Amino acid sequence: MTSSKVIIVGPDSDNLMSALQAKGADVTTVSDMATRPDLEEAGIVDADIYILTDLEQATTIPIVKDLNPDIQVVAYDRTSLPEFATAQTDLAIDPDLLAPSVVADELIA
């Protein structure tokens, strides 16, 4: 069984990375403002899941879907997802409603 490859863009103040790694996911983070080259270097083309924890960077979602049309896009933040990004986002989760361990359980089957 291969592990899921996950890219997280934004801060990880809720420790989602640790929860995903505990489930066996291979997690790469991009903590600064993510550009297309940053995403490519992080391995977005071969990733299974893209998690955005800073919705001010929602403009990365169309870039991610352009590079990897089959990737699952998850917004994990307490703020609202901008309207332009909702169509390309598979899940929008408020960390106050679902703990990182629950999210990891659901994403890494």
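Analyst: In this predicted model, Asp14 and Arg78 form a salt bridge whose closest N and O atoms are 2.9 Å apart. The two partners come from distant parts of the chain, 64 residues apart. Asp14 sits in the loop between strand 1 and helix 1, whereas Arg78 sits in the loop between strand 4 and helix 4. Asp14 has a relative accessibility of 22%, so this residue counts as partly exposed. Arg78 is likewise partly exposed, because its relative accessible area is 41%.

Arg78 also forms a salt bridge with Asp96, and here the closest N and O atoms are 3.0 Å apart. Asp96 belongs to the loop between strand 5 and helix 5, and 18 residues separate this position from Arg78. With a relative accessible area of 55%, Asp96 is exposed.

Asp66 forms a salt bridge with Arg36, with 3.1 Å between the closest N and O atoms. Because Asp66 lies in helix 3 and Arg36 in helix 2, the pair ties together parts that are 30 residues apart in sequence. Asp66 counts as exposed at 52% relative accessibility, while Arg36, at 34%, counts as partly exposed.

The pairs described here are among the five salt bridges found in a search of the whole structure. Helix 3 gives the most, with three residues.

How values were computed:
Residues are numbered from 1 along each chain as its sequence is written. This is a predicted model: local features need pLDDT of at least 70, side-chain atom pairs count only at pLDDT 80 or more; totals for chains, interfaces and linings use all residues. Side-chain values use heavy atoms; hydrogens and water are left out. Helices (H or I, at least four residues) and strands (E, at least two) are DSSP runs, numbered from the N terminus. A salt bridge is a side-chain nitrogen of Lys or Arg within 4 Å of a carboxyl oxygen of Asp or Glu. Buried means under 20% relative accessible area, exposed over 50%, partly exposed in between (1.4 Å probe, protein chains only).
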